[in-house]
Amino acid sequence: MDDAEKSRMRSEILDEVGALLREQLAADEWGRVLVEVVRDGAEAIVAGIDVEDIVGDESRVDAVFGAESARALLPLLAKATEALCELEDVELEDVRGGTFIRQRAGGFAWLPGLVHLPSASLEAEWDALSAKLEAKNAALEARFALESHDRYDVDLEKQTLVFSKAGQPRVVARAVLIATFSDASRAWAWGGYNKNLPASVREASAALADAVPERDIWEVSTPLFPTDAATAWVLGALVCDRAGGEGVYRTPTEAGRAYLLLREVREV
């Protein structure tokens with residue numbers, strides 16, 4: 001199945017589910033619903049539902065989700081989540097469900113995993129943080145043409161990222177791991193909590209998270225949580241801004257991507 005066919009099928013599923021959410025589950029009163037889905041043998045079943053970002057009548061939301069009509073929708077939500085996971089190329093067992101998000105422009109979006117509403121302060125700075133990081137990364141690219149190099153080598157213990165061309169090192173940066181993002185579970189994991197990493201790497205990574213002074217941002221104090229790629233990038237931007245980094249470099253790993261804070265970028 002090609003990407004165009006996947007997109008068409010995804011739209012059809014979301015249109016069908018969205019209509020039912022509006023008709024029977026008061027979707028205009030809330031922003032997102034997290035649907036936990038597990039397998040009972042071969043069958044996918046809903047194990048739990050959380051509603052977030054209530055913008056309307058909370059008592060009505062409580063009433064409709066507690067009604068018998070809501071329970072009658074559970075098999076459909078389970079099947080829809082299972083199908084959307086397949087279209088997203090993730091395993092249901094890895095993400096344990098999905099999140100339906102009502103879009104302001106109309107319609108619904110869907111994310112694999114149980115993705116909670118971003119912290120209010122993070123959401124308030126979202127655009128500004130993204131713009132700052134884009135500007136920093138653009139300045140690095142303009143100065144060092146990082147993407148033109150044919151090889152890069154990372155040594156997390158030595159905190160180095162070396163870009164090479166034609167076998168010769170050309171640019172070096174001090175690089176500290178911020179976090180990793182798993183393609184399988186779609187989860188963000190702060191490097192400071194990763195027991196598979198050397199102690200020196202964990203300590204340096206933890207220091208970056210500690211440089212974020214806002215303690216009301218739950219994402220910073222939560223070691224591991226499901227999210228999406230856009231939020232992962234903004235979290236990297238947050239750390240870069242608070243720690244005074246020169247940019248963030250995202251590198252592929254066997255399991256997904258690693259986010260590195262760059263400092264002291266220079267030509268060799």
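Reader: Which residues lie nearest the centre of the second largest pocket?
Author: This is a predicted model, where local features need pLDDT of at least 70, side-chain atom pairs count only at pLDDT 80 or more, and totals for chains, interfaces and linings use all residues. Residues are numbered from 1 along each chain as its sequence is written, and side-chain values use heavy atoms, leaving out hydrogens and water. A pocket is an open set of points on a 1 Å grid over the protein atoms alone, where a 1.4 Å probe fits, with protein on both sides within 12 Å along at least five of seven lines; lining residues have an atom within 4 Å of a point. Here 25 residues do the lining, and nearest the centre are Thr 180, Asn 194, Leu 197, Thr 253 and Ala 258.

Reader: Which elements give two or more residues to that lining?
Author: Strands here are DSSP runs of E, at least two residues, and helices are H or I runs of at least four, numbered from the N terminus. The elements are strands E5 (151-155), E7 (168-182), E8 (187-190), E10 (247-252) and E11 (256-267).

Reader: How are helix H1 and helix H3 packed, roughly parallel or roughly antiparallel?
Author: H1 (residues 3-24) and H3 (residues 68-87) pack at about 165 degrees, with axes 11 Å apart. Axes are lines fitted to C-alpha atoms over the stretch in contact, and angles run from 0 to 180 degrees between N-to-C directions. Under 35 degrees counts as roughly parallel and over 145 as roughly antiparallel. So H1 is, relative to H3, roughly antiparallel.

Definitions and conventions
Angles under 35 degrees count as roughly parallel, over 145 as roughly antiparallel, 65 to 115 as roughly perpendicular and the rest as oblique.
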